[in-house]
Structure formats: C-alpha cells, structure tokens
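Hi everyone, thanks for coming. Have a look at it first.

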Amino acid sequence: MNDPITLKVTEAVADLLARPATELPGPDGTSVRQHLAYGPTGVALLHIERAAFGLGPWQRAHDWLGAAVRSPFTSGSDSHPFYGVPALAHAMACAADHTPGAYQRALGLVDRQLAADVHRRLDAAHRRMDAGQLPELAEFDTIRGLTGYGAYFLRRDPTGDEVRAILDYCVRLTAPVTHHGEVLPGWWTPTGPSGRPDSRFPDGHGNAGMAHGIGGALALLALAARRGTLVGHHHQALRTILAWLDRWQDETSRGRVWPYWVNRAELRTGLLTPSAPRRPSWCYGTAGLARAQQLAALALGDTGRQIEAENALVAALTDSAQLSATADNGLCHGFAGLAHIAARTSDDADPSTAGQLRAAIPALLTVLCPPGTDPDDAATAIVHNKEAEPGFLNGAAGVALALLVPATGAPPQTSWDACLLIA
C-alpha cells in the first residue's frame, strides 16, 4: 500500500524530533543516552531510514549520532546489544551502508571491540554449559545476550567467525539439560522473566519470547540459514525449537497462539495455566513467534509449517480479543510493531496468505492514525504521549519507522529492524 496521510504523519514526527538531544526520558525518568531502545541512537535510526529513502536530510541523522557520542559509550561486560557501544554500532552501521566513507573507521574499531566481547561471553557460556548449569536470560536473549550480538554480526559479516561461533552456541543451547534429576530445555532459566528471582517462578521458566526467549534464537538460526550460513546440526536445532513450540501451542477459537513462557509446574503436568487472551506482540506472544516460525519454515523448505505460521499471524491480527489486550502504539508490544511484522511477513508469505496479511495492516494503522486526523495533530500525539517516550522501542521514533513501509509501499531501505530479528 501507499498512504500519503501516513507519510505526512511520519514526516511530522521526524520534524518534531529534528533537534538532537543527548538526554531523553526513559521509562523511569532516568538518563538513557546509551540505550538503543530509548536514547538518541534509536531516534537517529528514524532519520537514517528517511534519508536513505530520500525523504529527509542526512544532516539530522549525523546530528543525532553526534549528540549521542559527546560522552564516551560503555563497552565490555557492562554493555549489551541494546546498550552502550553495541547500540551505537547498530545505528552507525545503518548509516554507513548508505554514506560511503562515513563511520567506516569508527565501525572497524567498534567491530573489533564487539568481537572480543562476544568471545568472552561465549567462553563463559560454554564453561557454564560444561558445568551443567542453567543459563541466565541475559546470556542468550535478543536484547542483552548472544542472540542480539548474532543479529549484528549476521548483518556485518554473515560468514564471519563471530556469526559461526554464536550459531554453534545457539545449537548447543537447544540440547536438553538434566537439572536436579529433571530433563529441561537447554534454555530453561532459573529466574523469572525479569531475569531476577521471582516467587511466582520458584523453579525458573522456559521463555518463548523474541526479546528474551528462545524465539530470538530461532529467528537468528533461520535468518542465518536463509543467508546460506550453516553450522553443524543447524537444521536439527531449528526443528528442536519448533517441536517445543508445537508442544506448547494452544489451538483456540481465535486461532493458534503461543504462551509467553512455561513454568515448571506446567512443564511437569504438560498443561498450560488457562489465561485471558494476551497481546500478540513482537517481544512476547504470537506475532513475533509467528514471524520466527515462518522464517524457520522457509529455511527448512517446509511450506505447510510456513502457511500455518502465517495463518496464526492473520488470526492474531484480526482477533478483537487479542487486539483489545494491545494497549500501546510502540514497536515492542504495540500496534506499530504488529503492522511492521505483518508487512515483513507478507513479503515472504505464500500467495494464499500474503493478501490476508496485507489486508490486516490498514486496520492497525487506523489505531495510530485515525481517519480524518490531521497529520500534525497525530504526530504531536505520538511524540508527546505521556505513557511512552520519543525513542525507538516503545516511542515515537519506532512508530514512525514502522509507518514508513505502508506509507511508501516499499520495504525498509536500511537494516534498522535487524536488531529485532524479523528480517
């Protein structure tokens, strides 16, 4: 689709965010300068993508990146894919792809630093595995862990040593672990979904999500396979994760859905605790997992599974109960994320489902840009939403990025969404 009103909204959002700021408000009001989700590097992604489309000046992107680096960025063990040097690297790499000569020297230095960080993390992870211990979420997840580093290096050097080492780790992560006499999935964590001890999860949990669970590793393995980068037992690892998701899927009148996580009591009984319909977001739930499973099916050449995943996404995007549980507009768990996942999934979809996925997008966009709304008013509401912030993952920059695909009728010009592992 090509929507001039939506395009005007994205332009107005970009204009409201034209002036760079080193300090942006995070969810708790603290400084988030180094955070991709909330800080200036995330806003820079919006201006980078618009400039690559020819819709805005490159100077805005350079200004936001320049504002971000007026103070040093954190590297090493205190950084992660969405915080510190790795977050800056993602934004710089998106810009460098379209500005020959710019940022290349800095990216060379950053890539060496990130490679060293990855190998330190991998060494620690393999020592943990050798000792038969369970992983923390931050070891492997997309936001803080090795899966997120894999997303970066898959884009930068898809056949490089770092990618292959991370893929080998992901394969090993799918091997079952015997812990206190019980056989658990290799990604079973001893904490709650926050990554901290939680009385609701006294025996840990198996996280299914794209942001913090095995869904991200599934997507990384699938994307690498589709690029022709394979390691030993690669396809078997894909099938192991898919079989686990098959085990815990729920066939409802609303379509096929997947849980956010499985706790130890559910694992022992084989029965999920009944719950009200949950939002089908990127970070958790059916939308992100459907895209990951579609990618895996494409990598495996399994057309039947591919269509099943696409149908699950269509059902989620057209089910009023699930959409009613979606309470915000952002990329992470809001309507912008649903629209972008639908667009990305439809690009790879079977002809029998592609049209249904595209047909679901306009209704999602009406939540973000209600009919008859003045574009400037809509942009102001998005930018000044008191329950969000101006940034990438939950805020205005991410919403505007997601709107660009339906607004222009063209796929993204940069790899801004590679950090989400949906493309």
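Let's begin with R305, which counts as buried at 17% relative accessibility. For that word, buried means under 20% relative accessible area, exposed means over 50%, and partly exposed is in between, with a 1.4 Å probe and protein chains only. Before I go on, this is a predicted model, where local features need pLDDT of at least 70 and side-chain atom pairs count only at pLDDT 80 or more, while totals for chains, interfaces and linings use all residues. Residues are numbered from 1 along each chain as its sequence is written, and side-chain values use heavy atoms, with hydrogens and water left out.

So what does R305 meet in a salt bridge? Its partner is D246, at 2.7 Å from N to O. By salt bridge I mean a side-chain nitrogen of Lys or Arg within 4 Å of a carboxyl oxygen of Asp or Glu. D246 sits in helix α10 (residues 234-248) and R305 in helix α13 (residues 303-318), so this pair ties together parts 59 residues apart in sequence. D246 itself is partly exposed, at 29% relative accessibility. On element names: helices (H or I, at least four residues) and strands (E, at least two) are DSSP runs, numbered from the N terminus.

Searching the whole structure gives 18 salt bridges. Another one joins D203 and R268, with the closest N and O atoms 3.7 Å apart. D203 belongs to the loop between β2 (182-184) and β3 (205-207), and R268 to helix α11 (residues 264-269), so here the parts tied together are 65 residues apart in sequence. D203 is partly exposed, with a relative accessibility of 32%.

Now for the helices. The protein has 18 helices and 6 strands. Its radius of gyration is 20 Å, close to the 22 Å from the globule rule for 423 residues, so it is as compact as a globular protein of that length. That radius is taken over C-alpha atoms, and the rule is 2.2 Å times the number of residues to the power 0.38. Along the principal axes, the C-alpha trace spans about 60 × 50 × 40 Å, and buried residues make up 59% of the 423.

Which helix is largely enclosed by the rest of the structure? Take α7 (residues 146-156): 10 of its 11 residues are buried, so it is largely enclosed. Among the buried ones are Y149, Y152, F153 and R155. The buried residues of α7 pack against α4 (85-96), α5 (104-130), α6 (137-140), α8 (161-173) and α9 (214-226).

Helix α2 (residues 40-53) is mostly covered too, with 14 of its 14 residues buried. From its first C-alpha to its last, α2 reaches 20 Å, close to the 20 Å expected at 1.5 Å a residue; the expected span is 1.5 Å times one less than the number of residues. After α2 comes G54, with a positive phi near 80 degrees.

Over in helix α1 (residues 4-16) we find T10, which is buried with a relative accessible area of 0%. Leaving aside neighbours within four places in sequence, T10 is in contact (heavy atoms within 4.5 Å) with R50, A400, L403 and L404.

On to the core. The largest nonpolar core has 135 residues, and V13, Y169, W282, F392 and L393 touch the most other members. Such a core is a set of buried Ala, Val, Leu, Ile, Met, Phe, Trp, Tyr and Cys residues joined through side-chain atoms within 4.5 Å. Not counting residues up to four places away in sequence, W282 touches residues including M210, L331, I341 and L393.

Finally, two backbone details. Most residues other than glycine have a negative phi. Y103 has a positive phi near 70 degrees; it lies in the loop between α4 and α5 and is partly exposed at 21% relative accessibility. H180, also not a glycine, has a positive phi of about 50 degrees. H180 is in the loop between β1 (177-179) and β2, and it is exposed, with a relative accessible area of 76%. Thanks, everyone!
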